[in-house]
Amino acid sequence: MASSTPALKRSESIADTMPEALRQSRYHMKRCFAKYIGKGKRLMKLPQIMEEMEQVIDDKAERTRVLEGLLGYILCTTQEAAVVPPHVAFAIRPNPGFWEFVKVSSNDLSVEAITATDYLKFKEMIVDENWANDENALEVDFGAMDFTTPHLTLSSSIGNGVNLTSKFLTSKLNGTLTSAQPLVDYLLSLYHQGDKLMINETLDTASKLQGALVVAEASLSAVAKEAPYERFELRFKEWGFEKGWGETAEIVKETMRSLSEVLQAPDPINMEKFFSRIPTTFNVVLFSVHGYFGQSDVLGLPDTGGQVVYVLDQVVALEEELLLRIKQQGLNVKPQILVVTRLIPDSKVTKCSQELEPVINTKHSHILRVPFRTENGILQQWVSRFDIYPYLERFTQDAAEKIIELMEGKPDLIIGNYTDGNLVASLMASKLGITLGTIAHALEKTKYEDSDIKWKELDPKYHFSCQFTADTIAMNTADFIITSTYQEIAGSKDRPGQYESHTAFTLPGLSRVVSGINVFDPKFNIAPPGADQTVYFPYTEKQKRFSTFRPAIEELLFSKVDNDEHIGYLEDRKKPIIFSMARLDTVKNISGLTEWYGKNKRLRNLVNLVVVAGFFDPSKSKDREEMAEIRKMHTLIEKYQLKGQIRWIAAQTDRNRNSELYRCIADSKGAFVQPALYEAFGLTVIEAMNCGLVTFATNQGGPAEIIIDGVSGFHIDPNDGDNSSNKIADFFQKCKEDVEYWNRISAGGLKRIYECYTWKIYANKVLNMGSIYGFWKHMNKDQKQAKQRYIEMFYNLHYRNLVHCNIK
């Protein structure tokens, strides 16, 4: 579509402008809408809407005129349309997070604005007319309980929740000292194992606290900066201060000055700074329930992959940050982190039958495994993540008892992972009144087209009725939600985000969720993970390199023997290597990259291709999609006669060896290529960039945010292989002409990683969230309690029934 396409003015609605747009092309639109309703009830996606319109308007000039006008803009921002003759109801998304719904009569092209509820009823009419017309159908409206919560207003601000929360807290505390009393009450509530922290009842009002801060700050001016807190502890206690202000006089003074400024003239930056310093978090629980959760011999087992790596790296980073903060706060406290997962008695060669296991590279963190118990005793075998729901409630009760026993009290922060972990975390946090963060990792709803209205078809295998309901419960229970990218929340201009797809949806026959989650809610925050930098480090750091792997990698890349680990060979070893590593499925698009390479003679002359993915023998796979991709890879290798230019390596799970493989590719001045049709985040992109390897990655999803195109790597369009392969070829051609070009892009990638994508940055953000949202929860007790009662009623009356009735 032309760049001159008009957009709506901010004050205009689709319902206001669409009638005139239709009138301008009335003849063609009458024919077009006749075609839309001609096939009866159906749900149409944008490509189908446009294709049928183009079939009606056969004159190319007229079609161009329509598409470049306001009607073209409206149609191109339509996500789907529900056809229920004589009407067509449109779901239109002019910007991320913003939705409008209209219905158009095919008889006279009249346009009427409708609500999200009305639109969902149109969709229901297609699959279950009785449900759509049932006046007593269950409608779920979580948004009705958020009436006093401030929300972001711009699409560009989505995911910046801590910033808005700090601004709102600032406005609440601003004004008289009386306004700051909630902060004083919060500080008075801080304890650890019975010991008071920060202030005691001597300073029970804002005015007393402010006066004492002035006296304390003045007294610190006469104390050496490096003097330990113990040197003036007794004097401070008499004035009403307890431990937690800082390790040294200098840190204490900075923390007190920060609080003084919050009390006198609060601002968001200083608010965040103060809350990052106070001792609120010592004990953390992370739930990751499904699959085989372990530190070795688990990757590649059912339901066991990147989430395990993410959580273990997360634990190491959180403990390091907690230890640093506790030291700076001047406290002699050992933090505790528990990763709570399922104990599987029949755990094969793994340690998943071991109840308590220390986390490697930590001092105070453990994996706690709790079994699934049923009326018939402990469940022995692995259970699919899709069949896990009947066991979670009892698991939560058992886990809570064990956690409190091990920690000798309640945790300060709970973080859930994926649907099951988030639900369990929600149940426990609600029961114990603990600050809760959730991480989706992957919301299944967006993986399967129309999975909400088609839930009855999919439920026997996936039990999506339970999963989508559990996801929505956890999202609304959470105090804050951690995401890796903006696109995870709100998608892109053309594609809704994973969370956004839960704004309003329907499960015909079960529930109509008219307000599931609002992506403008300040609970959403972007905190991308990093890669373990003890494993993934630059290829230039020669002394740290895992040299013991070099012979094996040499064999892996260059041996001319075909075996179970590799096939194909590289005739010209002097050429740089383009390298990709992913699952062998349609979305990861490894076969697509292979075809780009095969078709582009210039690229083949410049580089070799190495892919690490799946099996070579389709009979070894249990996944039909993977089997098809394996056959396709063999076909492409033969079709383009790639022998001598491609090395296909079977899936690898050893992180240390994989990291050295990245570095060996960097030694050859090669590149990593991530060609996925869509990638929610892109951990392999982070890994490659950490190793200093120049990276080309899909522009569909998270990698588009990670890489600044042409500076820290390159974007490629997975839907345009010709241009993408030429872009890669152009890079290697330029490297021949400018010997420093590769080094500049490599350095740009490392700079980007160190500025935005490290676990240290992540841990700092997450602990700040725990502190800020803990106070937010304290400030909004009444509203939080009201919403929680609504959620509990929904859980008890609806969700529990789903679990018992739908999963036998």
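The radius of gyration used here is taken over C-alpha atoms, and the rule for a globule is 2.2 Å times the number of residues to the power 0.38. For the 808 residues of this protein, which is a predicted model, that rule gives a radius near 28 Å for a compact globule, and because the protein has 29 Å, the two agree. Along the principal axes, the C-alpha atoms occupy a box of roughly 85 × 70 × 60 Å.

The overall values for the protein are gathered here.

| Property | Value |
|---|---|
| Helices and strands | 30 helices, 27 strands |
| Residues that count as buried | 59% of 808 residues |
| Contacts at a separation of 6 or more that join residues 24 or more positions apart | 71% |
| Accessible surface | about 33400 Å², 50% of it from carbon and sulfur atoms |
| Charged side chains | 95 positive, 103 negative, centres 3 Å apart |

**Nonpolar cores**

In soluble globular proteins, nonpolar side chains tend to be buried together. The largest nonpolar core of this model holds 73 residues, and the members that touch the most others are Ile578, Phe579, Trp648, Tyr662, Leu693, Phe696 and Phe731. Beyond its neighbours within four places in sequence, Phe579 is in contact with Val610, Val612, Leu661, Tyr662, Ile665, Ala671, Phe672, Val673 and Leu693. Another core, of 66 residues, lies apart from this one, and Val370, Phe386, Ile388 and Phe464 are among its members.

Just after H25 comes Gly692, whose phi is positive, at about 80°.

Pro460 belongs to helix H17, which spans residues 455-462. Since a residue is called exposed when its relative accessible area is over 50%, Pro460, at 65% relative accessibility, therefore counts as exposed. Although Pro460 and Asp387 are 73 residues apart in sequence, their C-alpha atoms are 10.0 Å apart in space.

Definitions and conventions:
Residues are numbered from 1 along each chain as its sequence is written. Side-chain values use heavy atoms; hydrogens and water are left out. Helices (H or I, at least four residues) and strands (E, at least two) are DSSP runs, numbered from the N terminus. Buried means under 20% relative accessible area, exposed over 50%, partly exposed in between (1.4 Å probe, protein chains only). Contact means heavy atoms within 4.5 Å. Accessible areas come from the Shrake-Rupley method with a 1.4 Å probe; for residues, only the protein chains shown count as cover. Lys and Arg count as positive and Asp and Glu as negative; His and the chain ends are not counted. The place of a charge is taken as NZ of Lys, CZ of Arg, CG of Asp or CD of Glu. A nonpolar core is a set of buried Ala, Val, Leu, Ile, Met, Phe, Trp, Tyr and Cys residues joined through side-chain atoms within 4.5 Å.
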